Amino acid sequence: VPRADAPVGGGGGRVIGVAGITAGVGATEIATGLAWRLSRMVDTVLVDLDQAAPGVAQRLDLPPHPNLLTLVDSVVHGYRHDRTEVALDRLRVVPGLAQTGQPLPYHEVEMVLDHLAASADVVVADLGEVSWWGAGIRGRPDALVVVAAGDPVGVTRLVRDAPRWSAHADASSMLVVLNRCPRRRFHRGELADQVVEALGTVPLVVLAHDERVVEAAWEGLPVTGGRFGKELGRMASLVAAAVR
């Protein structure tokens, strides 16, 4: 969770980045679920910064406009728009937009994050893959959630890519999530032991596979119950307590 004494760039809110080791590990699900639960406790905005395959709007069944480029037009270039966010109950959302050419300049991304942090307690940013995040945002998030698949291949990739993402955040502001782990406690324990042995005392959350996630995705709704929802609720409570 973000440290209470951690420096905050730009605005007063904390920025939490959620990035996947590879595509398809569930980083968007973690980001949307965490943001939804945080919005029940503190003022929260969710922004989709995955410029290769943004999925927040699709996951939550939201309109594709306004989106990230609308916000960039407003913040960076001074254009006026009626709306730059979408409301989902208490949660404010900035959908993403795939960039077929060059991605947004990193200074524009940082300006957007600073703008959002000035108007919210917490900004949850879906960063896409770690490789893109590590190349650009340069430690702007106050906390980083790294998501990997909860299987032997996922853990191998997590450990292999550790030098690429661990250099951008210290251990006290980082969290590793093993997502879609087997239900058996033995298998989850083996995966957790491998991560701890390789990475040391980085905080670790192990999320077992939960069919509610698939069902909620088809409905375009946040996961509200089950083991997955319970663990994300704990994460959100810790973050909310740190920023209050």
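1. Asp61 counts as exposed, at 61% relative accessibility; buried means under 20% relative accessible area, exposed over 50%, and partly exposed in between (1.4 Å probe, protein chains only). Asp61 is placed in the loop between helix 2 and helix 3. Its phi is positive, about 55°, although Asp61 is not a glycine. Helices (H or I, at least four residues) and strands (E, at least two) are DSSP runs, numbered from the N terminus.

2. A word on the source: this is a predicted model, in which local features need pLDDT of at least 70, side-chain atom pairs count only at pLDDT 80 or more, and totals for chains, interfaces and linings use all residues. Residues are numbered from 1 along each chain as its sequence is written, and side-chain values use heavy atoms, with hydrogens and water left out.

3. The overall counts come next. The protein has 10 helices and 8 strands. Of its 244 residues, 52% count as buried. Among contacts between residues at least 6 apart in sequence, 77% join residues at least 24 apart; contact means heavy atoms within 4.5 Å.

4. The peptide bond from His65 to Pro66 is cis, with omega near 0°.

5. Leu68 lies in helix 3 (residues 68-75). Is Leu68 buried or exposed? With 3% relative accessibility, Leu68 counts as buried. Not counting residues up to four places away in sequence, Leu68 touches Val47, Asp48, Leu49, Val94, Pro95, Gly96, Leu104 and Val112. Val47 is 21 residues from Leu68 along the chain, and their C-alpha atoms are separated by 7.6 Å.

6. Helix 3 also meets helix 4. Their axes come within 10 Å and cross at roughly 85°. That makes helix 3 roughly perpendicular to helix 4. Axes are lines fitted to C-alpha atoms, for helices over the stretch in contact, and angles run from 0 to 180 degrees between N-to-C directions. Angles under 35 degrees count as roughly parallel, over 145 as roughly antiparallel, 65 to 115 as roughly perpendicular and the rest as oblique. Leu68, Leu71, Val72 and Val75 of helix 3 meet Glu108, Met111, Val112, His115 and Leu116 of helix 4. By class, this contact of helix 3 with helix 4 has 7 nonpolar, 1 polar and 1 charged residues. Here Ala, Val, Leu, Ile, Met, Phe, Trp, Tyr, Cys and Pro count as nonpolar, Asp, Glu, Lys and Arg as charged, and the others, Gly among them, as polar.

7. How does the length of helix 4 (residues 106-117) compare with what its 12 residues should span? At 1.5 Å a residue they should span 16 Å, which agrees with end C-alpha atoms 16 Å apart. The expected span is 1.5 Å times one less than the number of residues. The buried residues of helix 4 are Glu108, Val109, Val112, Leu113, Leu116 and Ala117. An α-helix has 3.6 residues a turn, so residues three or four places apart point the same way.

8. Helix 1 (residues 27-39) packs against helix 10 (residues 226-243) at an angle of about 60°, with the axes 9 Å apart. Helix 1 is therefore oblique to helix 10. The crossing is right-handed; a crossing is left-handed if the near helix is turned anticlockwise from the far one by less than a right angle, and right-handed if clockwise. Helix 1 contributes Glu29, Ile30, Gly33, Leu34, Arg37 and Leu38 to the contact, while helix 10 contributes Phe228, Gly229, Leu232, Gly233, Met235, Ala236, Val239 and Ala240. These residues divide into 9 nonpolar, 3 polar and 2 charged.

9. The axes of helix 6 (residues 152-160) and helix 8 (residues 185-199) come within 10 Å and cross at roughly 10°. The two helices are therefore roughly parallel to each other. Helix 6 passes helix 8 in a right-handed crossing. Pro152, Val155, Leu158 and Val159 of helix 6 make the contact with Leu191, Gln194, Val195, Ala198 and Leu199 of helix 8. The contact has 8 nonpolar, 1 polar and no charged residues.

10. Pro182 sits in the loop between strand 7 (174-181) and helix 8, and is partly exposed, with a relative accessible area of 30%. Leaving out residues up to four places away in sequence, Pro182 touches Gly150, His187, Arg188, Leu191 and Ala208. Arg180 is in strand 7, and has a positive phi near 60° although it is a residue other than glycine.
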